Each structure stands twice: as structure tokens, then as C-alpha cells.
Amino acid sequence: MSEETKMKTSSASADAFVNGLIKENPTFVLMLGMCPTLAVTTSAMNGLGMGLTTTVVLVLSNMLISLLRNIIPAKVRIPAFIVIIATFVTVVELLLQGFMSSLYDSLGIYIPLIVVNCIILGRAEAFASKNPVIPSAFDGLGMGLGFSVALTCIGAVREILGAGELFGIRVMPESYVPISIFVLAPGAFFVLASLTALQNKIKRTLAEKGKKEEADKIQSGCSSDCMNCSDAGCAHRFYDSKAEGTIAEAATKAEQAPKAEAPVQTEQAVEEKKEEN
Amino acid sequence: MGNMLNVSSNPHIRSSESTTKIMLYVIIALLPTTCFGVYNFGLHALLVVLTTVATTVLTELIYELLMKKKVTIGDLSAAVTGLLLALNLPPQTPLWVAVMGGVFAILVVKMLFGGLGQNFMNPALGARCFLLISFTSIMTNFECDAYTGATPLAALKAGESVNVMDMIIGRTAGTIGETSMLAIVLGACILILLGVIDLRVPGSYIVSFVIFIVLFSGKGLDPQYISAQLAGGGLMLGAFFMATDYVTRPITKKGQYVYGIFLGIMTGIFRLFGPSAEGVSYAIIIGNLLVPLIEKFTTPKPFGKGGERA
């Protein structure tokens with residue numbers, strides 16, 4: 001592998017990783033895999049366990065599907081993906097049963113249900129079946145960790161409010177009366193909605209800040225002396241952002257005016273020619 | 001002069017009815033049962049009522065100020081929500097629970113969905129169910145200085161005999177505003193005479209509930225049992241004051257009958273076959289969720305549109 005392709009792969013991998021973790025967080029942004037998100041996040045530990053289990057399956061299945069992407073016929077790709085995912089889920093399930101039986105018991109039916117988790121199938125279809133192995137693995141890792149972080153956050157909030165504990169350790173004062181609705185099903189919806197709203201708010205604030213910096217960049221270094229300025233593109237950028245429309249309108253009017261007159265002239269010309277004939 | 005030169009499209013003759021007026025009528029109609037509850041259960045009940053009303057009004061005010069929206073606490077709807085919620089709480093409710101219920105009713109059930117007219121669920125009942133699920137032991141503890149022991153409905157469910165006369169007057173354990181059938185019906189009469197509510201929803205609700213009880217309770221036409229079921233629990237308060245909420249009931253006449261019958265059947269199922277003795281609030285909330293569907297199927301057809309072709 002040459003140095004350049006190596007660089008490309010690593011930057012693509014890093015992009016895929018960050019993309020899954022933050023920009024396209026499967027839970028808060030893509031809204032995928034809602035069933036385990038709502039069902040197993042009764043405590044932070046359950047959320048973390050579910051998230052990491054899914055991450056392992058996601059990385060392994062993404063890698064294998066990416067390896068086989070040129071062999072699997074397009075017509076039967078979904079069943080093929082599901083067979084691959086189911087294999088890894090069974091492996092992980094048996095491992096959990098053997099070595100972490102308490103987590104296995106508390107997650108219950110939701111471990112085999114990882115097979116039909118939208119995130120895994122979605123990443124297989126959208127990423128792994130079109131990309132090389134290493135970026136696919138990092139995409140799976142980013143998505144899986146994003147899912148884990150989201151599930152742990154939801155689980156932590158639900159556990160603190162609904163039981164006064166975090167990872168099984170009492171964090172609220174003794175006088176705190178647990179609001180038990182938060183460890184029940186309705187609480188999952190409240191917490192998911194609130195956290196999604198919160199991250200949207202944070203993201204929007206950050207985006208607005210970013211835009212402002214960009215706008216500052218354009219104006220900085222401008223001497224306001226446009227006649228003698230070497231940056232010819234500046235005026236366009238400046239006016240487009242400052243007074244939208246006015247210049248553009250003037251330009252379109254100027255363009256339209258001759259066009260409107262032109263057909264009349266040609267018609268007259270044609271008539272004159274006819275008369276001559 | 002300004003009023004005389006009002007140029008607008010029709011209708012030109014307007015009723016003096018307004019949201020504020022209707023809400024004021026509802027508050028007046030709720031006064032008998034509120035006063036009876038305070039007289040019956042003592043000073044703490046009054047504190048609960050005042051706390052809840054203050055919380056709902058303040059929550060709406062603060063939300064609207066923070067979100068830079070028009071302040072609408074003047075239409076009294078928040079006060080009505082607070083009053084109804086308080087009447088649905090046990091007399092010994094700790095005040096912090098009342099505050100939490102008030103905040104939930106206005107913030108989550110009402111304002112997050114767009115304020116008055118946009119909420120799909122009765123805010124007071126939504127908050128009551130939130131509290132009931134969150135603090136089950138507090139919300140089902142009806143013991144206070146005046147009364148110990150089970151509510152009449154719980155006693156009825158356990159197969160014990162109850163004094164129906166006490167239940168009609170309201171000298172029983174229960175939430176602050178639900179015990180006195182007499183005071184509630186008095187308030188309901190005020191609303192009906194003022195034209196604020198009509199009998200379509202409460203009537204079909206109560207009648208279908210009685211039919212369900214007669215058919216499935218195994219007691220047949222036992223007047224003692226039926227009147228105890230009618231006077232006990234939140235049925236009267238729910239039927240006249242919560243099921244008739246303008247925002248969360250169907251607007252079509254046919255739909256209102258369907259809605260009432262559905263509520264009656266659901267209440268009957270919860271009371272007879274459910275694990276707890278009471279089910280009015282859950283029945284009305286589930287009914288609220290079905291309202292869009294009911295309206296879709298009962299919208300009247302304009303003359304000449306639709307229908308069968310010859």
C-alpha cells in the first residue's frame with residue numbers, strides 16, 4: 001500500500017468513526033434501534049451492556065460483510081446480511097451466557113433481537129457493502145460506541161431519577177423519593193425525547209457559533225477599498241451575504257431585458273423578409 | 001368610534017362567549033365540591049388546592065415568558081387544570097408531589113404540544129396518572145384525620161358492604177374532590193344551565209357504564225350495588241368535568257356518543273376486571289387518545305357529497 005492510499009484509508013476511517021459517534025449518532029440523530037433503546041435502558045449498566053454487545057456484533061458483521069461485498073449477489077444481499085449478523089449474535093449470546101450471566105439475565109430476549117437491530121442492518125446496507133474493510137470496521141466501531149454512549153446516558157438518567165442510583169450505587173440523598181415512572185416504559189420515552197432535544201439544542205448553538213466565525217473570517221482583512229483590492233471574489237461574497245437579492249435581482253433584470261426584445265425583432269425581420277419575397 | 005368602524009369579514013354578530021368566561025364558569029361549578037372537600041378533609045386539602053393552582057399558573061407564565069410567547073394565563077385554563085388536578089389528589093398529598101403534578105400537567109402535557117387547544121390529553125388527568133405511576137403508595141393512601149381505611153370502591157371490590165347515603169353526601173375516604181356526588185352534580189347542573197356542557201358525553205358515559213356493570217358484575221340489577229358504583233370513585237367528577245373538556249373530546253355529535261360509550265365500557269372493565277378498584281382516569285386518557293380516530297369516522301357529510309349512488 002502506498003503512503004497516499006494509507007493516508008486516505010486512515011482519514012476515511014477517522015471520518016467514519018467520528019460520524020457514527022457524534023454527527024450521525026444512531027440513537028439521537030438517526031433514531032435507529034429504538035426498540036432496545038427504550039426497553040433495556042432501565043439502568044446505566046444495562047444500557048452500557050446492551051451498547052457494547054451491539055458494538056461487538058456491529059464491528060464483526062461490518063468487517064465480514066465488507067469482505068464479502070463483491071461476492072454476495074445484490075438480489076439476495078439482505079438474507080445474506082441477516083445470516084452473517086445472526087451468526088455473530090449467537091456467538092456473543094453464548095459468550096455472555098457463559099461469562100456474564102447476570103447481564104445475560106437482565107438483557108433477556110433483547111440479545112437475540114440484536115439480529116434485527118436496524119442499526120446493524122442499516123450500516124451493512126449503507127456502508128459496509130460499499131466500502132473497504134478498515135473504514136467499515138471503524139464505521140461499526142463509531143456507530144456502536146455512539147449507540148453505547150446514548151444508551152448509557154439514557155440508562156443513567158432513568159436510574160438516577162427512577163431509583164436514586166447510578167451503576168447500582170446510591171447517588172441521591174436518602175430523603176429522595178424515587179420517581180418510579182422513569183424506570184417503567186413511559187419514562188424511557190420522556191428521557192429519550194428530552195436528551196434528543198438537549199443534543200439538538202447544543203448542536204444548533206455550536207452551528208450558529210461556527211457560522212458567525214465564518215462570517216467574521218470573510219470580513220476580516222478587508223480594507224473597505226474595493227477599487228484597489230486584489231481579491232476580486234470578495235465583492236461577490238460580501239454582497240451575497242450582506243444584501244441578498246439586490247445584486248442578483250439587478251443581474252437577472254439586466255439579462256432578461258434584451259431577451260424580451262430579441263424575439264420581437266426577429267419576427268419583424270422575418271415579416272420583412274416575407275414581404276421582400 | 002373604533003368599535004363602530006370595525007371592518008371585518010363575517011360573522012358580524014358575535015357571541016360574548018370567550019375562553020375566559022367558560023373557564024370562569026367551570027371554576028364556579030367546581031367550587032361546591034372544592035369547598036366540601038376542604039370542609040371534609042381539613043386544612044391540608046385547602047393547601048393542596050392552592051399549591052396546585054399556583055403551580056400550574058406559574059408554570060404557564062414562566063414557560064411563556066422564557067419562550068417569548070404571548071402570556072395566556074389570563075384565560076384561566078391553567079387555573080382550571082390546577083383545580084381539577086388538586087381535586088384528583090388524596091387529601092394528605094405532600095405539597096412537593098402537588099407541585100410536581102402541576103408542572104407536569106402544564107409543561108409536558110399542555111405547553112410542549114402547543115398550549116391550550118393543542119393538547120391531545122387532558123392535562124390534569126395526564127398529571128394524575130403520572131403521579132399515580134410514579135408515587136403509587138402516596139397517591140393511593142387516602143388515610144387522613146377524618147377517615148381511616150379503604151375507599152368505598154376498594155371496600156366494594158373486597159366484597160364488603162358500604163353506606164350508599166354517606167357516599168352520595170361525600171362522607172367517605174377518597175380524593176379531595178371526588179367524594180361528594182351531591183356537590184359534583186350541583187356543579188354539573190350549573191354548567192348545563194349555563195350551556196357550557198351538554199349531556200351527550202356524561203349521559204352516554206354513565207348509561208353505558210351502568211349497562212356494563214349490570215351485565216358483567218354478576219350482581220344483576222342490584223340497586224344498592226349500582227348506586228354505590230355510581231357514587232363511588234371519580235366517575236361523577238370524570239364524567240361531568242373531565243370527559244367534557246372541550247379540547248380533548250370529539251367535536252362531532254355522533255362522535256361524542258361513541259366517546260361516552262367507550263369511556264363507560266373502559267371504566268367498567270378497569271373497575272370489574274382490573275387489579276385496582278378505580279379506572280376513571282385511565283379510561284378517559286385512553287379515550288382522549290382515540291378522539292382523532294372517532295372524529296375521522298363520524299365527521300358529518302355535507303348534503304350532496306358522498307353517500308350511495310342510485
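Which backbone oxygen does the side chain of Asn62(A) reach? The legends below start with that close-up, in what is a predicted model.

**Figure 1. Asn62(A) and its polar partners.** The side chain of Asn62(A) reaches the backbone oxygen of Ser136(A), at 3.0 Å. A polar contact also joins the side chain of Asn62(A) to the side chain of Asp139(A), at 3.4 Å. If you are tracing the chain, look for Asn62(A) in helix α3 of chain A, which covers residues 44-67.

Figure 2. Is Asn62(A) buried or exposed? With a relative accessible area of 0%, Asn62(A) counts as buried, because the cut-off for that word is under 20%. Setting aside neighbours within four places in sequence, the residues in contact with Asn62(A) are Arg123(A), Ala124(A), Ala128(A), Ser136(A), Asp139(A) and Gly140(A).

**Figure 3. Where chain B meets chain A.** Eight residues from chain B and seven residues from chain A make up this contact. Together the two chains bury about 610 Å², and 82% of that area lies on carbon and sulfur atoms. On the chain B side, the residues that lose the most area to chain A are Phe130(B), Ile133(B) and Ser134(B), which together account for 57% of what that side buries. Between the chains there are zero salt bridges, while two residue pairs are in polar contact, both at pLDDT 80 or more.

**Figure 4. The chain B side of the contact, element by element.** Two helices of chain B, α4 (95-110) and α5 (123-134), each give two or more residues to the side that touches chain A. The largest share, four residues, comes from α4(B). By residue type, this side divides into seven nonpolar, one polar and no charged.

**Figure 5. The largest nonpolar core, and a second one.** The largest nonpolar core holds 91 residues, and the members touching the most others are Leu30(B), Leu191(B), Tyr205(B), Phe241(B), Tyr259(B) and Ile284(B). Helix α1 of chain B, residues 19-41, gives the most to this core, with eight residues. For a closer look, pick Ile284(B): leaving out residues up to four places away in sequence, it touches Leu125(B), Tyr205(B), Gly238(B), Met242(B), Ala243(B), Tyr259(B) and Leu263(B). A second, separate core has 26 residues, including Val57(A), Ile84(A), Val115(A) and Met143(A).

Note on methods: Residues numbered from 1 in each chain as written. Chains lettered and ligands numbered in written order. Predicted model: local features only at pLDDT ≥ 70, side-chain atom pairs only at ≥ 80, totals over all residues. Heavy atoms only, no water. Contact = heavy atoms within 4.5 Å. Buried area = accessible area lost by both parts, 1.4 Å probe. Salt bridge = Lys/Arg side-chain N within 4 Å of Asp/Glu carboxyl O. Polar contact = N/O pair within 3.5 Å; in protein donor to acceptor, adjacent residues only side chain to side chain. Nonpolar A, V, L, I, M, F, W, Y, C, P; charged D, E, K, R; others polar. Core = buried A, V, L, I, M, F, W, Y, C linked by side-chain atoms within 4.5 Å. Buried < 20%, exposed > 50% of the residue type's maximum accessible area, 1.4 Å probe, protein only.
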